[in-house]
Amino acid sequence: MESAVAMDSSAPVLIFYARNDALGDGLLRIPALRAARTAFPQSRVVYGAMRGSSLSHVLRKHVAHLVDDFRTKTPLSAILAEFAPRGRKAIVVDLRTGVPGLILTALQLAGRGIRYEANFAGHLLSLRWGTRLTLRPEHNAWRYHRLVERLAGRHLPFDHRLDVPDAARGLARQLRGGCGRPLVLLGGNAQGRKCMSEDQVVAVAGNLIDAGYRVLYLATPGGGPTPLALLAREGRLQVACPELAPDIASFDDLLLALGEMAVAYIGMEGGLAHLMAAVMTPAVIVNNGANVERWRPLSNAVEVVTAPRRGRSTNVADAPVEAILDAAHRLLAASRRDHMAIPERRETAPVQSAFDRTADRF
């Protein structure tokens, strides 16, 4: 884990500002925060949000060495008044979307000597005299990272992996036991239309168990199938739930450790899929219509199954079980992982996945 660097009061304050970060959003911000700490080691880094942020609570342990202050549910103007009063150099990296709001913020900051790098929509990043015209990467994680690279004026390491504590690995090994069958993880709980149905989970689990895999259902917060209902219909299925860990943060660590040892994860596009990608778990993602080029997990070992549209809505629960199983068996037959999780990260020479190398072209 990176060591803290002494801050310089003459260095510009670096303020990241977002609208609201769910788990997946927060995970996709981490590479940009790492790049910022590398490029501006002596600056105070402040992370703010209009509403809440997963970075300030559930993911905080992963960014504690990158972010010096959090100000969630706080207007940007209040953050600037606290950390960058007039006369203090500051940089604002605005991760929000919506051209009118970004233009208004730019006008409000004009004349204050604050450098403003905004996540403008379209295919071009914000422009200024002397800045090379560059395309904006399609994936959100690379968009955020590129904003920091433009501020630094150079390429910076991109690393989306998360560290897994040894205690979590030990707990995962206990849960796995001495079973030699390959481990597959299933996730069906989420918010809104992202939930998998009980029928989908039972059918997928039964097929994979018959094929010789050990299947573990990850009972995460949100709506969707309940462990009791699933076990009543498929008694061979195992369940990992928050009660197995001392607290929710430890449960997240357990999920990462299980992802390290699993041959595949099958679930919805969302936070849990991005969490699995942080330890390079090959995944089958059931998509409810989201733009996968912008939101897909940061790995090439991913199969995407998009649910059919019914009227104006697309529900994960409508995705055919046959399509999910076909994708799962293709993924398992390929037996490919971009790279294994590395216990000690080296920021100056990161291991890149094929996805990273592709994004370098932008």
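A nonpolar core is here a set of buried Ala, Val, Leu, Ile, Met, Phe, Trp, Tyr and Cys residues joined through side-chain atoms within 4.5 Å; buried means under 20% relative accessible area, with a 1.4 Å probe and protein chains only.

The model is predicted: local features need pLDDT of at least 70, side-chain atom pairs count only at pLDDT 80 or more, and totals for chains, interfaces and linings use all residues. Residues are numbered from 1 along each chain as its sequence is written, and side-chain values use heavy atoms, with hydrogens and water left out.

The protein has 13 helices and 13 strands, taken as DSSP runs (H or I, at least four residues, for helices; E, at least two, for strands) and numbered from the N terminus. Of its 362 residues, 53% are buried. Among contacts (heavy atoms within 4.5 Å) with a separation of 6 or more, 67% join residues 24 or more positions apart. Phe 16, leaving aside neighbours within four places in sequence, is in contact with residues including Ala 32, Leu 33, Tyr 47, Val 93 and Val 148.

Grid points are joined across faces, edges and corners, and a volume is the space filled by probe spheres set on the points. The count comes to 4 cavities of 30 Å³ or more.

| Space | Volume | Lining by class |
|---|---|---|
| Largest pocket | about 770 Å³ | 15 nonpolar, 10 polar and 4 charged residues |
| Largest cavity | about 50 Å³ | 5 nonpolar, 2 polar and no charged residues |

In these classes, Ala, Val, Leu, Ile, Met, Phe, Trp, Tyr, Cys and Pro count as nonpolar, Asp, Glu, Lys and Arg as charged, and the others, Gly among them, as polar.

The pocket lining comprises 29 residues, of which Leu 23, Gly 24, Gly 270, Gly 271 and Leu 272 lie nearest the centre of the largest pocket. Helix α10 gives the most to this lining, with 5 residues. The largest cavity is lined by Leu 27, Leu 28, His 160, His 274, Ala 277, Ala 278 and Leu 298, with α1 and α10 each supplying at least two residues.

In helix α5 (residues 140-152), 12 of the 13 residues are buried, so α5 is largely enclosed by the rest of the structure. Gly 153 follows α5, with a positive phi near 75°.

Helix α7 (residues 198-210) also has a list of buried residues, among them Val 201, Val 204, Leu 208 and Ile 209. The buried residues of α7 pack against β6 (183-186), β7 (214-218), α8 (227-233), β9 (264-268) and α12 (321-334). After α7 comes Gly 212, whose phi is positive, near 105°.

Notes:
Buried means under 20% relative accessible area, exposed over 50%, partly exposed in between (1.4 Å probe, protein chains only). On a 1 Å grid over the protein atoms alone, a cavity is a set of points where a 1.4 Å probe fits but cannot get out, and a pocket is an open set with protein on both sides within 12 Å along at least five of seven lines; lining residues have an atom within 4 Å of a point.
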